[in-house]
Amino acid sequence: MRGVDAQPLPPVRTRTATRLAATRLAVPAGLLAAVAGAFAYVGRVDPNEPGHYPVCPLFRLTGLYCPGCGGLRSAHAVAHGDLMTALHANAAAVLGYTALAALWTVWVVRAARGRPLRLSLGPAHLWALGTLLLVFTVVRNLPFGGWLVP
């Protein structure tokens, strides 16, 4: 039993541990700030008005939509909370935003626990992603894929 004049128990987390946790979360927090700043800018400067952003070079030269065409309009719609317009502008971009948000969340949780984020994407994963983007690009440029045109 502790006496009246005994020292209090030390806190569970020391300053060093707190500082280490803050250091581990600095990069994810910086990335969040950069992405939030980009979405805030795109949300403020409307890509639907001509002259604010450059035209896609592939679209300008060929008239074909690349997988990124409509990405800024999609981000603008997401920034304004209009999910249906965002999906119409670029469905692949919305899926990418969602996947990156989920990946960022996993990264933060692992960093807070002191564990590194490890992605083990093999060639099969990358080929599958490339194939999906290629199919998306081809379908949005065909007559029956008109609903995917930004």
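Analyst: Helices (H or I, at least four residues) and strands (E, at least two) are DSSP runs, numbered from the N terminus. This is a predicted model, in which local features need pLDDT of at least 70 and side-chain atom pairs count only at pLDDT 80 or more, while totals for chains, interfaces and linings use all residues. Residues are numbered from 1 along each chain as its sequence is written, and side-chain values use heavy atoms, with hydrogens and water left out.

User: How many helices and strands does the protein have?
Analyst: There are 5 helices and 0 strands, giving the pattern α-α-α-α-α along the sequence.

User: What share of the residues is buried?
Analyst: Of 150 residues, 20% count as buried. Buried means under 20% relative accessible area, exposed over 50%, and partly exposed in between (1.4 Å probe, protein chains only).

User: Where is leucine 100, and is it buried or exposed?
Analyst: Leucine 100 lies in helix H4 (residues 83–112). It counts as exposed because its relative accessibility is 58%.

User: Which residues make the nonpolar surface patch with Leu100?
Analyst: Leu100, Leu103, Leu119, Leu121 and Leu126 make a nonpolar surface patch of about 500 Å². Like charges are joined within 9 Å, and nonpolar side chains (Val, Leu, Ile, Met, Phe, Trp, Tyr) within 5 Å. Areas come from the Shrake-Rupley method with a 1.4 Å probe, and for residues only the protein chains shown count as cover.

User: Turning to H5, which of its residues are buried?
Analyst: In H5, the buried residues are Phe136, Thr137 and Arg140. They lie on the same side of H5 because they cover an arc of only 100° around the axis, the arc being that of the directions from the helix axis to the C-beta atoms.

User: Why would residues three or four places apart point the same way?
Analyst: An α-helix has 3.6 residues a turn, so residues at that spacing point the same way.

User: What covers the buried residues of H5, and which exposed residues are on the face turned away?
Analyst: The cover includes H4, where contact means heavy atoms within 4.5 Å. The face turned away from the buried side carries the exposed residues Pro123, Ala124, Trp127 and Leu134.

User: And glycine 114, where is it?
Analyst: Glycine 114 is in the loop between H4 and H5. At 42% relative accessibility, it counts as partly exposed. Glycine 114 and leucine 25 are 89 residues apart in sequence, yet 9.6 Å apart in space, C-alpha to C-alpha.

Notes:
Patches are made of residues with over 30% relative accessible area and no salt bridge: like charges are joined within 9 Å, nonpolar side chains (Val, Leu, Ile, Met, Phe, Trp, Tyr) within 5 Å. A salt bridge is a side-chain nitrogen of Lys or Arg within 4 Å of a carboxyl oxygen of Asp or Glu.
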